[in-house]
Amino acid sequence: MVCRSIALAAAALLFSIVSARADDGALIGRWYAALLVADRTELSDLLADDVRIKLDDLGVVQTKQEFIASIDEWKGAVAGAEIRHRIEKTEAGVTTVIACYDFPKNDMLMQETFAITDNRITASSQAAIAENCDGY
């Protein structure tokens with residue numbers, strides 16, 4: 001009976017871990033969909049109030065308010081673009097994503113990380129890994 005209880009507890013724990021990863025994947029999918037159309041409301045809903053967004057290539061760290069304020073400028077840049085992404089790994093609460101930003105005149109391959117707590121992005125970093133998406 002004790003072994004059965006332990007097995008059930010282990011199965012429940014495994015299910016909760018798998019469910020959390022699936023939820024994180026769905027949240028990241030929503031992130032890229034909102035980013036593609038520069039949806040300020042959706043992006044704001046996805047970000048924790050105290051989020052820090054680190055743009056490694058630019059040496060910039062943005063607060064939620066600074067990031068949302070930059071969306072109007074981003075909207076012009078992303079017009080006619082496509083964003084493809086795939087989750088590379090999830091480890092210790094951080095999900096690593098490879099994303100191809102395919103703009104009308106150029107493309108760029110990025111590695112992005114997301115820390116997610118309570119269905120909100122609490123931290124994100126972004127760094128270019130190639131000047132084209134050939135490796136995607």
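**Figure 1. Salt bridge between Arg30 and Glu42.** Arg30 and Glu42 form a salt bridge whose closest N and O atoms are 2.8 Å apart; the term denotes a side-chain nitrogen of Lys or Arg within 4 Å of a carboxyl oxygen of Asp or Glu. Because Arg30 belongs to helix α1 (residues 2-36) and Glu42 to helix α2 (residues 40-46), the pair ties together parts that are 12 residues apart in sequence. Helices (H or I, at least four residues) and strands (E, at least two) are DSSP runs, numbered from the N terminus. Arg30 is partly exposed, at a relative accessible area of 35%; buried means under 20% relative accessible area, exposed over 50%, and partly exposed in between (1.4 Å probe, protein chains only). The model is predicted: local features need pLDDT of at least 70 and side-chain atom pairs count only at pLDDT 80 or more, while totals for chains, interfaces and linings use all residues. Residues are numbered from 1 along each chain as its sequence is written, and side-chain values use heavy atoms, with hydrogens and water left out.

**Figure 2. Salt bridge between Lys64 and Asp49.** The side chains of Lys64 and Asp49 meet in a salt bridge with an N to O distance of 3.1 Å. This pair links distant parts of the chain, 15 residues apart, with Lys64 in helix α3 (residues 64-69) and Asp49 in strand β1 (residues 47-55). Lys64 is buried, with a relative accessible area of 10%, whereas Asp49 is exposed, with a value of 61%.

**Figure 3. Salt bridge between Arg86 and Glu88.** One of the 5 salt bridges in the structure joins the side chains of Arg86 and Glu88, at 2.7 Å from N to O. Arg86 is partly exposed, with a relative accessible area of 30%, and Glu88 is partly exposed at 43%.

Figure 4. Leaving out residues up to four places away in sequence, Phe67 touches Trp31, Leu35, Leu43, Leu47, Ile53 and Gln62.

Figure 5. Ala130 lies in strand β6 (residues 120-130) and is partly exposed, with a relative accessible area of 26%. Apart from neighbours within four places in sequence, Ala130 is in contact (heavy atoms within 4.5 Å) with Met108 and Leu109. The C-alpha atoms of Ala130 and Gln111 are separated by 9.4 Å, the two residues being 19 residues apart along the chain.
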